[in-house]
2 protein chains.
Amino acid sequence: MVVTKVNLEEKLGKFSEHWTPKIVGELNGQHVKVVKLKGSFVWHQHEKEDEFFLVLKGTLKIHLKERSVTLSEGEFIIIPRGTEHMPEAEEEVQVMLFEPASTVNTGETESSLKVENPEWI
Amino acid sequence: MVVTKVNLEEKLGKFSEHWTPKIVGELNGQHVKVVKLKGSFVWHQHEKEDEFFLVLKGTLKIHLKERSVTLSEGEFIIIPRGTEHMPEAEEEVQVMLFEPASTVNTGETESSLKVENPEWI
């Protein structure tokens, strides 16, 4: 296995679609992903996976049941397993995710936005 | 458990010492850490843990046995378990780490730089 560096901006330049996480690294059974978000996602939760969102560019709102959290560039949030959440972005936001390789973007919710097997880029 | 966001710059403003990783988040048995590096570390490897380095500010050189990789802001590298490596930074570099909670910074190497129980900040 060749150890190489990954440039996040370069990876984010490879696609333009929203709500479609791409895998850019794997370690300890976890995936590192990048994704572009714009608009509203679906309310969902992950039964067995905690999920990490780091904003690389733009502003991301994460709605929780009782309140919302707004994240700017250089801010992250960890959504614990079993916590209902709904990401929303008025303008396009670029995000890095850490989550177990088993994680499906829509969690337990059935949705056309589901990405079963994210692509490696 | 209250779900709150973390601002990386704010966390990095809380300490100034080098080679002392601080924990800023936990998910799926993994820790998210921030660290400031300057100078040369010790050659080491982790037997059971893959390690993720993301440069937030500055330039980081990771020496591997056969070559070196230089990382700038917005670039990451994953060092697979069992891979000898030695981080080096001519000027201070700010880094985010993602690794299993069990990871010790100096791996299998005995060194005065060892941090047994990193502090949460």
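Q: How much space lies in the largest pocket?

A: In this predicted model, side-chain atom pairs count only at pLDDT 80 or more, local features need pLDDT of at least 70, and totals for chains, interfaces and linings use all residues. Residues are numbered from 1 along each chain as its sequence is written. On a 1 Å grid over the protein atoms alone, a pocket is an open set of points where a 1.4 Å probe fits, with protein on both sides within 12 Å along at least five of seven lines. Here the largest pocket holds about 710 Å³, a volume being the space filled by probe spheres set on the points.

Q: Which residues are the closest to the centre of the largest pocket?

A: Lining residues have an atom within 4 Å of a point. There are 24 of them here, and A:Leu56, A:Glu73, B:Leu56, B:Glu73 and B:Gly74 are the closest to the centre.

Q: What area is buried between chain B and chain A?

A: Buried area is the accessible area (1.4 Å probe) that two parts lose on being put together, summed over both. For this pair it is about 2,900 Å², with 65% given by carbon and sulfur atoms. Each chain brings 37 residues to the contact, which is defined as heavy atoms within 4.5 Å.

Q: How many salt bridges does the rule find across the interface of chain B and chain A?

A: Look for a side-chain nitrogen of Lys or Arg within 4 Å of a carboxyl oxygen of Asp or Glu. The rule finds two across this interface. B:Glu75 forms a salt bridge with A:Lys5, their closest N and O atoms lying 3.0 Å apart.

Key. Chains lettered and ligands numbered in written order. Heavy atoms only, no water.
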